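Here are my notes on the model, point by point. Please read them with the structure open.

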Amino acid sequence: MTGNEIRESFLQFFASKGHKILPSASLIPVNDPSILWTAAGMVPFKPFFTGAAKPDYLRVTTCQKCIRTPDIESVGRTARHHTFFEMLGNFSFGDYFKERAIPWAWEYVTGHLHLPPDKLWITIYLDDDEAFDIWHKVVGLPAERIVRLGKDTNFWEIGVGPCGPCSEIYVDMGEERGCGSPGCAVGCECDRYLEIWNLVFIQFFRDEEGHYTTLASKGVDTGFGLERVASVLQGVSSNFDTDLLREIMDYTAGLFGLVYGREDQIDTALKVIADHCRAITFAITDGALPSNEGRGYVIRRLLRRAARFGRLLGIQELFLYKVSGAVVRQMAGAYPELAERQNHVLSVIRNEERRFSETLAQGTEMLSRLMDEAKKQGSAVIPGAHAFKLYDTYGFPLELTQEMAGEQGFSVDTDGFSQAMEGQRQRARSARQETDYISEQGNLYKQLREEIGETNFVGYNTLAAKAAVPGILKDGERVKSAQAGEQIEFILDVTPCYAESGGQVGDHGRLTAPALEVEIYEVTRPVENLIVHCGRVKKGELREHDQVSVEVDATRRTAVCRNHSATHLLHRALKMVLGDHVNQAGSLVEPGRLRFDFTHYSAIAADELKQVEEIVNNSVLNDLPIDAFETSVDEARAMGATALFGEKYGERVRVIKMGDFSLELCGGTHLKNTAAVGLFKLVAESSVGSGLRRIEAVTGRSALQYVHDREEQLAEIAGLVKAAPHEVVRRVEGLLESNWELEAENETLQARLAKYQVHDLIDHVKQVKGINVLAGQAAAPDMDSLRGMVDLLRDKIESGVIVLGSATGDKVSLVAAVTKDLLKSGLHAGKLIKEIAAVVGGGGGGRPEMAQAGGKDPSRLNEAIEKVYQVVAVQIKEN
């Protein structure tokens with residue numbers, strides 16, 4: 001069976017068992033800052049297992065694209081390590097449990113994949129007798145083929161949260177694949193027993209103290225590795241020899257006349273390139289971009305590692321984007337988003353590889369020098385500061401430097417690298433590590449929702465509502481009441497207040513009742529369908545179960561709506577002007593401004609920005625109706641609605657339609673028509689990362705204020721240059737031209753003055769032990785002018801030492817020069833200037849033939865100049 005056939009077979013098998021086939025979630029986890037990547041099939045379903053959200057289906061099956069990066073250096077050197085892989089799985093959210101999951105797994109591997117039962121082994125958790133009985137009595141597996149293993153391998157948990165025992169299916173690949181040890185058995189680290197399926201039974205909850213309680217609603221989470229199973233069914237010893245990767249490797253080899261399977265070095269490089277190109281292609285498709293932090297750093301590291309392995313094969317041209325194209329061709333049938341975003345992905349990869357290729361040779365040469373220097377000093381360690389320079393200047397990830405140095409028997413001082421990284425604050429950001437399944441605070445809100453119920457949001461249609469107060473929190477603890485002056489969180493059964501989400505800030509508002517007033521300054525949704533209001537009691541006492549009125553700040557909401565609706569218009573305008581590769585990568589919608597991040601490869605030209613702004617304002621002037629409606633996600637996409645790439649949507653979605661101009665999936669609040677946006681004004685465009693741009697804009701009253709501010713500035717400038725506002729540009733051009741003429745005239749006069757000074761100074765040459773020494777003060781406006789005078793004097797005296805000093809305000813400038821014929825006598829301009837500068841409270845240095853320094857005490861400049869002769873005499877004497 002091919003990889004595609006296995007994938008489809010698995011999904012259809014579980015569809016026949018009542019499971020809903022869902023598409024793979026994005027590699028970028030949605031609303032989960034605890035992890036960088038989707039690294040397992042269960043990651044998109046964490047809220048269902050924790051109870052933070054309710055699933056649309058109780059039975060689900062997926063083929064999830066995954067990225068894991070702890071063992072990047074092992075990729076290409078082992079049979080099974082990958083950064084990108086596909087994980088098939090079936091899931092139950094409170095529906096079936098072991099009694100069905102186990103027999104179904106056996107039915108599939110033996111009845112559909114036709115794996116020989118006598119080659120299959122089962123592991124269970126030590127005391128999971130329930131699983132043992134099902135495997136033994138229901139499935140009929142001999143007891144001796146069921147192995148009990150400990151918590152380190154057969155119990156799944158990640159900190160606080162749901163957890164449970166595992167049962168795994170292994171395939172015996174034969175003695176020839178084993179280690180030969182007499183004790184070789186299931187669980188051995190060799191390649192004989194290959195795990196292909198892990199069944200996780202979510203049946204306990206672990207609290208902060210490490211206590212386990214049985215869940216009322218149990219779940220099933222399974223992981224079936226596609227690449228591993230393909231290697232078994234296709235009879236190959238390595239995942240790389242399956243059709244899933246071999247086709248990509250053969251394509252890469254064919255590009256450059258190479259052949260896979262003849263040389264280990266070539267094979268390793270082809271494996272690395274194939275694996276890493278799969279990872280970066282899928283990751284960039286899902287919205288990741290190369291950068292120096294977080295997941296962007298992972299993408300950059302993988303891409304540059306693949307590029308370097310290409311160079312080891314002798315490939316000097318840009319090639320990774322071609323390999324990425326092969327990935328798209330092979331995988332787009334299962335993942336259509338690859339084809340949809342192919343142009344964007346290939347452009348990002350090509351640009352990033354080009355940037356790296358420009359510095360790779362220089363960085364490699366520097367690393368070679370560092371290793372040579374270390375070897376001369378009897379060391380096998382590359383200093384951390386030097387490794388950091390490779391990273392900072394040449395774009396070498398630390399791991400790449402370690403790998404390249406390790407190939408020559410060197411290690412890298414990682415502590416020193418970390419210190420250098422910390423010193424450069426703007427790059428001192430650490431990648432987030434995987435943490436608790438769900439935080440203690442999240443558990444608090446989840447429990448609160450279970451006790452008091454969900455919040456009914458009515459804010460799409462009204463800005464005021466009557467509500468009850470089922471819960472109040474103060475400092476993370478539930479309380480019965482709150483007094484005037486206290487800051488609290490509270491939940492309402494009904495609210496018109498929009499909770500911060502999707503880049504739109506939460507509403508502000510006011511809660512009132514007789515003798516009661518609460519200011520609402522923040523609204524959030526910590527768990528699904530529970531809206532939490534943050535407020536300050538201004539008057540009276542708020543009690544649980546009070547009946548209250550809640551009202552949104554209408555002026556602020558309208559300003560937010562202006563910016564949110566304008567964001568949709570902007571998104572569409574950018575696609576029209578720049579191309580369909582433009583996709584939203586983030587946004588911020590506030591009352592006073594909007595910020596929109598999007599994918600694009602270069603700075604936007606002024607005429608393009610002007611065109612975008614005009615398109616948006618034309619859409620505003622056209623007074624397009626803005627309609628919001630709900631439909632199925634499939635119907636919305638069929639209508640051509642734009643969705644945020646990687647965003648997780650349920651079966652029903654909310655669509656915002658602006659005439660025939662814009663159609664987007666969106667849960668935010670909007671205007672009734674585009675005319676209400678008022679004026680739309682772009683105020684900034686910038687880069688926020690490789691392949692990522694940012695536009696900032698204002699609308700409505702903020703736009704009007706922006707125009708007023710610019711008019712005031714123009715009027716102020718007009719007054720300063722004594723011209724009418726409409727003549728300011730011409731007047732400033734005239735002033736600049738006059739200034740340039742004066743600067744040129746000044747330079748001419750300075751040069752003439754310098755020549756006069758040189759003529760006067762040449763008469764002050766003294767002899768020190770037979771050597772010409774000229775030391776003096778000069779009227780020079782800056783260091784460049786002083787250096788120019790020294791050059792003129794050096795030409796005049798032909799052989800000698802020259803030191804000039806000048807004072808401007810409270811600063812001293814010093815320049816020293818030694819003609820080349822005197823260098824062998826021991827004279828050194830850098831050492832000379834260092835001693836002279838100390839007299840005037842400064843420091844400096846430089847090359848033997850030329851050096852400069854600064855000082856802070858002009859009153860001692862004469863003393864410093866007189867010291868020149870003494871220092872020169874000492875330097876000559878010492879040599």
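1. Two strands count as paired if DSSP finds at least two bridges between them. Helices (H or I, at least four residues) and strands (E, at least two) are DSSP runs, numbered from the N terminus. In S33, Leu 804 is the bridge partner of Gly 776. Strand S32 (residues 771-777) and strand S33 (residues 801-808) pair in the parallel sense, over five bridges.

2. Some ground rules. This is a predicted model, in which local features need pLDDT of at least 70 and side-chain atom pairs count only at pLDDT 80 or more, while totals for chains, interfaces and linings use all residues. Residues are numbered from 1 along each chain as its sequence is written, and side-chain values use heavy atoms, with hydrogens and water left out.

3. The sheet that holds S32 and S33 is open and has six strands, in the order S31-S32-S33-S34-S36-S35. Its pairing is mixed. Strand S31 (766-768) and strand S35 (843-846) are the edges; each has a single partner strand, so one side of each is left without a neighbour in the sheet. From one strand to the next, the twist averages 20 degrees. (Axes are lines fitted to C-alpha atoms, for helices over the stretch in contact; angles run from 0 to 180 degrees between N-to-C directions.)

4. Which helices pack on this sheet? Helix H22 (residues 783-797) touches S32, S33, strand S34 (811-818) and strand S36 (850-855), where contact means heavy atoms within 4.5 Å. The direction of H22 makes about 155 degrees with that of S33. Helix H23 (residues 829-839) lies across S33, S34, S35 and S36. H23 runs at about 150 degrees to S34.

5. A four-strand open sheet has the order S24-S25-S30-S29, with antiparallel pairing. Strand S24 (584-589) and strand S29 (680-689) are its edge strands, each pairing on one side only. The twist here averages 15 degrees from one strand to the next. Helix H17 (residues 554-578) packs on the sheet and touches S24, strand S25 (594-599), S29 and S30. H17 makes about 30 degrees with the direction of S25.

6. Within that sheet, S29 and strand S30 (residues 692-699) pair in the antiparallel sense over eight bridges. Ser 687 has Arg 693 in S30 as its bridge partner.

7. Now a helix pair. The axes of helix H20 (residues 700-721) and helix H21 (residues 728-761) come within 10 Å and cross at roughly 45 degrees. That makes H20 oblique to H21 (under 35 degrees is roughly parallel, over 145 roughly antiparallel, 65 to 115 roughly perpendicular, the rest oblique). Leu 714, Ile 717, Ala 718 and Val 721 in H20 meet Val 728, Arg 731, Val 732 and Leu 735 in H21.

8. The axes of helix H12 (residues 342-376) and helix H14 (residues 398-406) come within 11 Å and cross at roughly 50 degrees. H12 and H14 are therefore oblique as well. Phe 356, Thr 364, Leu 367 and Met 371 of H12 make the contact with Leu 400, Thr 401, Met 404 and Ala 405 of H14.

9. Last, the aromatics. How many aromatic pairs does a search of the whole structure find? It finds 31 (rings of Phe, Tyr and Trp, the last by its six-membered ring, pair if their centres lie within 6.5 Å; planes under 30 degrees apart count as stacked, over 60 as edge-to-face and the rest as tilted). The rings of Phe 10 and Phe 224 have centres 5.2 Å apart and planes at 20 degrees, so the pair is stacked. Phe 10 lies in helix H1 (residues 3-15) and Phe 224 in strand S9 (residues 212-225), so the pair ties together parts 214 residues apart in sequence.
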